[in-house]
Amino acid sequence: RVNRFPARLLLGLSALVVILPLAPPGMAEGQAGKIVVAIGTAPPDLTLHPYYYAQENGFFKAEGVEVQLNPYNGDATAMRALTAGEADVAASGLAIPLKAIEAGSKVKIVLATVPKLDYLLVALKGIAGAKDLEGKNVGISGPGAVSYQVPLLMIKAAGGDPSKVQFVAVGGSSARTLALIAKKIDGAVLNTSFASRTFKYDYLHSIGDAARDLPNFIYVVEVAAEKTVQQKRAALQAFATATLRAARWAIQNPEAAILISQKVLPDVAKDEIVAGVRAFAKSQYYNADGILRKEAWDFTVEELLKGGEIKQRLNYNEHVLTEFGQAAVAKLGPFKR
């Protein structure tokens, strides 16, 4: 006797044969995959906490992407992790990715959640201005990092000679703050939250505001390997959308963001975290659309050329992808305070 399947069941099985190959093996429905992010400061500076807000609030999960956050000591180390294939995305100042591009690395800037500087130049009281840092030790996170580029440009703008300054690799803002307090260095740029700690000491003071003095200098960009852009586009888009959602959420919910940041930075005094997160919310610090502005790119590239950090004028349209920010905004809608 021959078994006869109902026609409706046969049609369903035929449809299943067509549909199944479209879903990657082992991937659940609605799951975009996994993204590993190399963060260029360890512990992660407060400005880079939108990734942690997205993690804690389940925004990555809601977009169907698993995200692993790996803090590194310096932008250069984070970029090495990216180019070595140990990470899919690196959060770094622009100079290091541009150097990597010049060296032949295949990377693209895919997002700019934190393009604006959040740095005060803090120094010992005997130092009146940035020019007076000549002959002094200035703490940075690592060679070529934003914490190196910014004081260098501020010293030049003040008429000083950066070649007469001793730049010392100390670590992230937390490490530089402690080094300043201990008088192991003479000056450093610090994020707002960490700078507030130094004002408790009468031998330290602020001698410059990078946001005011360098308004178009790019702070941090999210860089992805071209391989990731090609092979993990859905996961990368999910990461971008969730990260922008988290940045907007932090501006709208600073008190809740403070609680998460305290978990990320348990050794940082609460009042410093409160000062930083509230300042970000008040100024709407984060970039709500995630798109890197061409004028900021052009300014930063020009300054890096002048300083000899890069050797060629790299083209914005060739190295910056705006589609991930645009798609995120299309899904999230316009930002409302």
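1. Strand 10 (residues 221–225) is mostly covered, with five of its five residues buried; buried denotes under 20% relative accessible area, exposed over 50% and partly exposed in between, with a 1.4 Å probe and protein chains only. Strands (E, at least two residues) and helices (H or I, at least four) are DSSP runs numbered from the N terminus.

2. The model is predicted: local features need pLDDT of at least 70, side-chain atom pairs count only at pLDDT 80 or more, and totals for chains, interfaces and linings use all residues. Residues are numbered from 1 along each chain as its sequence is written, and side-chain values use heavy atoms, leaving out hydrogens and water.

3. In a regular strand, side chains alternate between the two faces of the sheet. On strand 10, Val 221, Val 223 and Ala 225 lie on one side and Glu 222 and Ala 224 on the other, and all are buried.

4. Strand 10 pairs in the antiparallel sense with strand 3 (residues 89–92) over four bridges; pairing requires at least two bridges found by DSSP. Here Ala 91 has Glu 222 as its bridge partner. Strand 4 (residues 107–111) also runs antiparallel to strand 10, joined by four bridges, and Ile 109 is partnered by Val 223.

5. A further five strands form an open sheet of mixed pairing, ordered 7-6-8-5-9. Strand 7 (166–169) and strand 9 (204–209) stand at its edges with a single partner strand each, so one side of each lacks a neighbour in the sheet.

6. Strand 5 (residues 120–124) pairs antiparallel with strand 9 over five bridges; the partner of Ala 123 is His 205.
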